[in-house]
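The following exercises concern side-chain interactions and solvent accessibility. Each task is followed by a solution worked in steps.

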Amino acid sequence: MAFITLMLAAAPRAGAQEVALKTNLFYDATLTANIGAEVAVAPRWSIDLSGNLNAWTVGSDKRWKHWMIQPEARYWFCEAIGGHFVGAHLLGGQYNFGGIHLPDFLGSNLSELRHNRFEGWYGGIGVAYGYSWMLSRHWNFEAEIGFGWAYASYNKYPCATCGTRTDKGHHNYVGPTKAALNLVYVF
């Protein structure tokens with residue numbers, strides 16, 4: 001919230017159609033609380049900050065808890081907060097996953113999550129492309145896909161609720177780092 005307040009205060013040209021709040025419908029579908037804010041800082045530039053939190057327990061033997069923050073600088077091809085854009089983003093957060101059946105994905109052995117729990121932190125960087133459709137004076141719909149690198153440090157536990165660590169390590173991931181279908185309210 002402090003960063004969003006700072007963005008709003010540091011954007012001297014921000015007025016009508018230059019500040020937006022958004023929610024990512026992908027996160028909403030997984031019951032992950034999320035919010036994003038975007039401020040136009042120049043005619044074709046904006047700064048976006050999104051964050052999410054999933055602190056709920058899925059079941060007694062499952063863990064899918066995480067939080068993430070993802071700041072992004074965007075260059076718009078026409079004008080800020082409408083049309084095509086490219087962006088550069090950072091990402092970081094913490095996670096606690098286990099007892100979940102997932103297939104392997106882009107070199108990440110996610111099948112280990114079925115019988116183990118992984119807890120740790122991650123950080124990364126990426127680039128993105130997106131488009132924002134203006135639905136009305138105050139509503140936009142935005143689609144975005146990002147690609148990049150992330151580094152994760154983890155502790156491994158033998159089951160979703162066990163407290164005895166069996167291994168620790170790190171993992172480098174290269175692949176999608178952002179996927180969003182955002183419902184956007186523009187001020």
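**Exercise 1.** Is E119 buried, partly exposed or exposed, judged by its relative accessibility?

*Solution.* The model is a predicted one. Step 1: the relative accessibility of E119 is 29%. Step 2: the class "partly exposed" lies between the limits of 20% for buried and 50% for exposed. Step 3: E119 therefore counts as partly exposed.

**Exercise 2.** Identify the salt-bridge partner of E119 and describe the surroundings of that partner.

*Solution.* Step 1: E119 forms a salt bridge with R117, and the closest N and O atoms are 2.7 Å apart. Step 2: R117 has a relative accessible area of 7% and is therefore buried. Step 3: R117 also lies over the face of Y157, at 4.1 Å from the ring centre. Step 4: R117 is among the residues in contact with K156. K156 is found in strand β7 and is itself buried, at 17% relative accessible area.

**Exercise 3.** Classify the ring pair formed by W139 and Y185.

*Solution.* Step 1: the structure holds 11 aromatic pairs. Step 2: in the pair of W139 and Y185, the ring centres are 5.1 Å apart and the planes stand at 75 degrees, so the geometry is edge-to-face. Step 3: W139 lies in strand β7 and Y185 in strand β8, so the pair ties together parts 46 residues apart in sequence. Step 4: W139 is partly exposed at 38% relative accessibility, and Y185 is partly exposed at 28%.

**Exercise 4.** Which residues form the nonpolar patch on the surface?

*Solution.* Step 1: the patch consists of L90, I125, V127, F147, W149 and V174, with about 590 Å² of accessible area together. Step 2: β6 and β7 are the elements that give two or more residues to the patch. Step 3: V174 lies in strand β8.

How values were computed: Residues numbered from 1 in each chain as written. Predicted model: local features only at pLDDT ≥ 70, side-chain atom pairs only at ≥ 80, totals over all residues. Heavy atoms only, no water. Patch = residues over 30% accessible without salt bridge, like charges linked within 9 Å, V, L, I, M, F, W, Y side chains within 5 Å. Areas by Shrake-Rupley, 256 points an atom, 1.4 Å probe, with all protein chains shown as cover. Salt bridge = Lys/Arg side-chain N within 4 Å of Asp/Glu carboxyl O. Helix = DSSP H or I, 4+ residues; strand = E, 2+ residues; numbered from the N terminus. Buried < 20%, exposed > 50% of the residue type's maximum accessible area, 1.4 Å probe, protein only. Contact = heavy atoms within 4.5 Å. Phe/Tyr/Trp six-rings, centres within 6.5 Å; stacked < 30°, edge-to-face > 60°. Lys NZ or Arg CZ within 6 Å of the ring centre and 35° of its normal. Lists of a residue's contacts leave out its neighbours within four places in sequence.
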